[in-house]
Amino acid sequence: MPLVEIEGLRVSFRQYGGTVDAVRHVSFSVNEGESVGIVGESGSGKSVSCAALLRLLPATAEVAATKLRLDGVDVLKANKEDLARLRGRSAAMIFQDPMTAFDPVFTIGHQIAETIEAHRKIGKREALAEAEQLLLRVEIKNAADVLGYYPHQLSGGMLQRAMIAMALSCRPKILIADEPTTALDVTIQAQILQLIKKVQAEFGMALIMITHDLGVIAETVDRVVVMYGGEIMEEGPVTDIFEAPKHTYTKALLASLHSRFEPSKGDPDAVAPALELRGLAKSYHTRRRSGFRVIQGEFQAVQAVDVVLPRNRIVAIVGESGSGKTTTGLMAMRLTEPSKGQILVDGTDISALDAAALIPFRKRMQIVFQDSYSALDPMMTLTQIIAEPLHIHGMGTQREQREKALKWLERVGLNRSFAGRYPHELSGGQRQRVAIARALILEPTVLVADEPTSALDVTVKAQIINLLKDLQAELGLSILFISHDLSTVKSLTDSVVVMYRGRVVEEAPTERLFADPRHPYTRALLDAIPATNPREKRLRTFLSSEEIGARTPRYTVIQTGSAPSAHPQLVTVAPGHRVEAIVTT
Amino acid sequence: MLAHILRRILSVAFTFIVVSIIIFLMMHSVPGGPFDANDMPVSEAVRARMMAQWGLDQPLHVQYLNYMWGVLHLDFGVPFQSPGETVVQLISRAWVPSLILGGSGVLIGAPLGILLGMAAALNRNSWIDYVASTVATLGLTIPVFVTSMLLILIFAVWLNWLPASGWPQPNRWILPIACYAAIPLATYARYTRSAVLDTLNRPFVTVLRAKGLSERRIIFQHVMRNSAIPLVTVFLPMFIGTATGSIFVEAMFRVPGLGAYFVSSIEVRDYTLQMALMLLITFMYCLAYLLSDIAYALLNPRIRVGGAE
Amino acid sequence: MTNLTAPAPIARIRSPLWFAWRRFLSNKAAVVGGATLAVLILMAIFAPIITPYNPEAQSFLTEALAFPSAQHWFGVDNLGRDFYSRIVYGSRVSLTIGFTAALFSLLVGIPLGALAGYFGGRTDWVIMRIIEIFSVVPPLLAALLLGAITRGGYGTIVFIAALFGWVQVCLLVRAQVKSFREKEFVRAAQALGASPWYIIRRHLIPNSISPIIIGFVLAIPLAMMLEASLSFLGVGVPPPTPTWGQMINEGIDFMFFYWHLAVFPTAALAITVLATSLFGDGLRDALDPTLKGR
């Protein structure tokens, strides 16, 4: 008998008198020890289905099913004791955002131990000892200390490990992972995925992996359920889905994984690059209180970076959160004041210009942000938003401004009938299109795109990338594309700058970087990209930050032509390929 | 943690000193000063001697420092309206009824309010939720003297169950205590409801359910503990409400407490008592501020344990 | 060119304020509160038309303390004045003080809140310290003291109410400006070269409308309560101007035998303050769902 049996599941939510179906006709089953993936975009009903299995939906949800069984128990008829046994012991869950998944006022140890105590007759002391063992098994080295930590004292990656330990504490028969890596940095994502696979094997559990990311599916599961709009589109073994998808939605999903790359034309006649950052640095004064003393410190968010964005090219800045990539982008736009360095736009340094002198340059460079929701003024209509740049610079009459805004609305792929709408009526992808229209209506030469696609669903992401690519070719734009996601970068940009802890550690043309990475951090990043094909699954090794520091490449003076120094410096190893290395004699 | 508390103490002390200066200046900005020519027709010589006797001929900052020096030694002077005793004696006599009535009001109102708020949050959109919301809105908007008036009319005038006013007999305490209890009851009902609802909506509650914890444990351990953090911040507004209410409750029910003396000190322009009472009340506020800050820090591990690694 | 633009489906275009309005309408208590307030305002405006007698004329000395009747709906007070007329005229005092004080609260609160929120840093620190001082002084006691020192009066009460009313408005506006200042559409406008003034005018003020309206409406009942409390203690608006607080104070002495002198002003005050608060709470929940319950 399968561990999980779902047949004809339907979940609807009561809203304003009516009901909205979130999930319809969903049926699938999971056997003991099996790994099943559910893939779909936000709102496809993938999380709702699994929440229904554990009866975790709010009271406004109506759940109906011809069969909804977990571990032999009819979930819909389960009483309190059955539920307590099902949750935690039959099935355990891990969630998307580990930062909010723990109760902030209790220690990690307490929260793991209370789970153990809830399911077994066992004393507090033994439960804590067992919690420590579990933390060790999820590769937390200082387990004894972590027991006494509060959630805010741990990083996201560590918390997700602790979360997994907590899920394992009652030896569940099935582990349900709901987007367990989405909120984490790329390198951490890969580690967590590998950990989940490892503990699944060790504990002999079944696994349901809920995700929007086909790469995660390819890495972790045997069988896939594809969901769209609350219904199952397709189901089958993972290799079949990847190699012979039947449904159009699945095909679209896969296509987004394999977008081809055409380098942008560039502009060989250009004398000066469109944008050049020279020794741009940002440091913040920090004041830390220690008792009554205030310790003044300096935090180097970005240490003297050099970035060149040639005319009509797309250059990526890649790094994890806290690497300084966004700060660099904001400094290039003069939205954050740099502490040091120059910003050259067409050869003119704008780093010291005052607000008035900056205005002509403001027309030439624009920015698109990650969060499309807060990027649009909620009180303005789309026409007003798109026409705002014209309005600010007093270009044309109101009628002309409106007409031009409407043209741009169409140019970014939205119907004219959207003109009078407000941002909250649009989807994330549509809002991002509006933000792009606003940024490009002045036809700037430089566009800084700060993670413009990270908050979007996979298929929408591909559309926005294509839109950017098309507009770049039409307008002869130069784009500085800031991202944490190497697979997006691969399909869009001409060259890549890798930032790590406020420094540029490697820089190369895209293809060369992917083919021949030299810096250990770049390698770690590349290694963390999930496979695009289930046949490419492999075991990975991960470097700690100390190991990354220790493995900084070493070159001789003869190899690089640079002066020797004990400190790491950027050296040229091939045309256009620079890497941070220690130069020895 | 200790440093955090000490810093708060310094900050609150600074606020207290600023407020005391403002109050002091306000008192001295009254046209004519305490010995106004219209209110006290005495000869110039007598006035001058009185001014000298009270130290009123000295520069303002000296007067202020002298006064505060006295305050530090619990010497607030002699009340005009009752020259036979010192201000401290008067206050220590008058604050007993205020404390008994106000204290019992808070002790009864606050727990009831918390229970009501919790019941409302756990049974959202049920009749108890509506009752709680109504009680909270009424208690927070209707002035205390209106509540007192209604209670007197209903229970003393119409039903004739309880005496309308007076002090020493305990059966005369019931109505004023009920009036005092209205404010903490309403405040805590409203804030507990919203705090518990906020907590219930946080993702970790789903995680706790998914772990298979019993609903009772989730509510009484996790939800309560988290909701308690915002509830601490309610302490101060509730305190303000109760202390302010004392003026009206004591006037309505003719209770010889601090509030009643505050009103009479204003009526007879008893500056020494006014100053003393204002300073005392401000001081209690500062203390309430400090206590809610400390409790907040103790309940919140982010402050108690400090930053991330 | 105009005929080329497809006719937009008008019904589907809904501004955020439209949704706020819908949320407001679905809140029955708030709608009732708003309607009651509207009726009260009309009553105050048309007081001379809807009252049969002069509120200050002691025309019925022979009938003093008479109970409610067809001729005197709310009875006659101890000085022979028609009590219904006095209650209606009392709403004028209550409402005008409520609205003017709320207006002055906005005049002080909006600029200070916007300054603190927009510039942050030292400006914010100074303004927050000032607010802290106001928060440790109990408003009613200070008002009582101020009222006694200045010997009451209309202007003084408005001044005192505004003095303690601006804090709330300031905090609301500050929070809103502070959070919107960091929003990316403000960043985008900066990237386009917009001046701070342009950003405040075109983005921050329209987006602060909600807290401003909320602050205004919630300041009204506070001011009305303050007026009633001061009048009740005899340091408010001086007689013979009819005010509810003063009537309640007088009513206490008569309540054992002439209940109407206590009940009507108490009820009038309670209904007005309650209606305004319900209306304000409803507006707050409708305009800013995130502020709910605060």
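Predicted model: local features only at pLDDT ≥ 70, side-chain atom pairs only at ≥ 80, totals over all residues.
Which residues in H14(A) meet which residues in H15(A)?

**A helix pair in chain A**

From H14(A), the residues that take part are A:Leu382, A:Thr383, A:Ile386, A:Ala387, A:Leu390 and A:His391. They meet A:Gln401, A:Arg402, A:Lys404, A:Ala405, A:Leu406, A:Trp408 and A:Leu409 of H15(A). Sorted by class, the contact of H14(A) with H15(A) has eight nonpolar, three polar and two charged residues. Two packed helices are described by the angle between their axes and the distance between the axes. Here, helix H14 of chain A covers residues 382-392 and helix H15 of chain A covers residues 398-411. The axes of H14(A) and H15(A) come within 8 Å and cross at roughly 120°. The crossing of H14(A) past H15(A) is right-handed.

**Chain A as a whole**

Chain A contains 22 helices and 24 strands. Its radius of gyration is 26 Å, close to the 25 Å that the globule rule gives for 585 residues, so chain A is as compact as a globular protein of that length. The C-alpha trace of chain A spans about 75 × 65 × 55 Å along its principal axes. Of the 585 residues in chain A, 49% are buried. Among contacts in chain A with a separation of 6 or more, 67% are between residues 24 or more positions apart.

**Domains of chains A and B**

Chain B is divided into domain 1 (2-72) and domain 2 (92-300).

| Domain pair | Distance between C-alpha centres | Residues in contact |
|---|---|---|
| Domain 1 and domain 2 of chain B | 33 Å | 14 residues of domain 1, 13 residues of domain 2 |

In chain B, helix H1 (residues 2-28) gives the most to the side of domain 1 that touches domain 2, with 11 residues. That side of domain 1 of chain B has nine nonpolar, three polar and two charged residues.

**Chain B as a whole**

Chain B has 13 helices and zero strands. Along the principal axes of chain B, the C-alpha trace spans about 85 × 65 × 30 Å. Buried residues are 39% of the 309 residues of chain B. Of the contacts in chain B between residues at least 6 apart in sequence, 74% join residues at least 24 apart.

**The contact between chains B and C**

Chain C puts 32 residues into its contact with chain B, and chain B puts in 34 residues. On the chain C side, helix H5 (121-136), helix H6 (139-150), helix H9 (196-232) and helix H11 (260-287) each supply at least two residues. Which helix of chain C gives the largest share of this side? H11(C) does, with nine residues. The side of chain C that touches chain B has 26 nonpolar, four polar and two charged residues.

Definitions and conventions
Residues numbered from 1 in each chain as written. Chains lettered and ligands numbered in written order. Contact = placed C-beta atoms within 7 Å. Helix = DSSP H or I, 4+ residues; strand = E, 2+ residues; numbered from the N terminus. Nonpolar A, V, L, I, M, F, W, Y, C, P; charged D, E, K, R; others polar. Rg over C-alpha atoms; globule rule 2.2 N^0.38 Å. Buried ≥ 20, exposed ≤ 12 C-beta atoms within 10 Å, placed from the backbone. Axes fitted to C-alpha atoms, helices over the stretch in contact; angles between N-to-C directions. Left-handed = near helix turned anticlockwise from the far one by under 90°. Domains from an automatic or database assignment.
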